[in-house]
Amino acid sequence: MNQQVKLIFFSSFARHKIIKWWCQTFLVCIPVVVCGFRDDQGIVSRLVDYPCARLPQVGSNYWLPNVCMNFLEAFLNFAKATVQDEDVLYRFWWDPNSSEVHVVKPRHQDTNLVLPQWYKDEIFAS
């Protein structure tokens, strides 16, 4: 792999993969992510351990952990203020072009698609 291709791969990897791994592991305190790199035939040719505490350093040119956490806090506050009814589905999506989170209550409300009744009965049994 030539140097320019390696640089393009790394920037995409650091910008898109590393941030997702960090977001998924940080709050639940997973210490290490194991990444398998595939060759052109799709065979994993090497494994690399990435300590989760170092992921922000790997992606530092592309994203910042405090920005991620601020977005999460703002989203959770927005969701808490928005969700008023129990057993109602809400659909949230983020439009990065307008920097806004949107929400709708779909007309078709089938809450069993999210939590089946048997599960709710078991969890909320007194």
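This is a predicted model: local features need pLDDT of at least 70, side-chain atom pairs count only at pLDDT 80 or more; totals for chains, interfaces and linings use all residues.
View 1. Leaving aside residues up to four places away in sequence, V48 makes contact with V33, V34, C35 and F37.

**View 2. Lining of the second largest pocket.** The space in the second largest pocket amounts to about 250 Å³, and the residues that line this pocket are W22, C23, F26, L27, V67, C68, M69, F71, L72 and W94. Two helices, α1 (3-26) and α3 (65-82), each contribute at least two residues to the lining of the second largest pocket. Of these contributions, that of α3 is the largest share of the lining, at 5 residues.

**View 3. A nonpolar patch on the surface, with F124 among its members.** The patch is formed by V114, L115, W118, Y119, I123 and F124, which together have about 660 Å² of accessible area. Within this group, F124 is placed in the segment that follows α4 (117-123). Because its relative accessibility is 63%, and the cut-off for the exposed class is over 50%, F124 counts as exposed.

Conventions: Residues are numbered from 1 along each chain as its sequence is written. Side-chain values use heavy atoms; hydrogens and water are left out. Patches are made of residues with over 30% relative accessible area and no salt bridge: like charges are joined within 9 Å, nonpolar side chains (Val, Leu, Ile, Met, Phe, Trp, Tyr) within 5 Å. Accessible areas come from the Shrake-Rupley method with a 1.4 Å probe; for residues, only the protein chains shown count as cover. A salt bridge is a side-chain nitrogen of Lys or Arg within 4 Å of a carboxyl oxygen of Asp or Glu. Helices (H or I, at least four residues) and strands (E, at least two) are DSSP runs, numbered from the N terminus. Buried means under 20% relative accessible area, exposed over 50%, partly exposed in between (1.4 Å probe, protein chains only). Contact means heavy atoms within 4.5 Å. On a 1 Å grid over the protein atoms alone, a cavity is a set of points where a 1.4 Å probe fits but cannot get out, and a pocket is an open set with protein on both sides within 12 Å along at least five of seven lines; lining residues have an atom within 4 Å of a point. Grid points are joined across faces, edges and corners, and a volume is the space filled by probe spheres set on the points.
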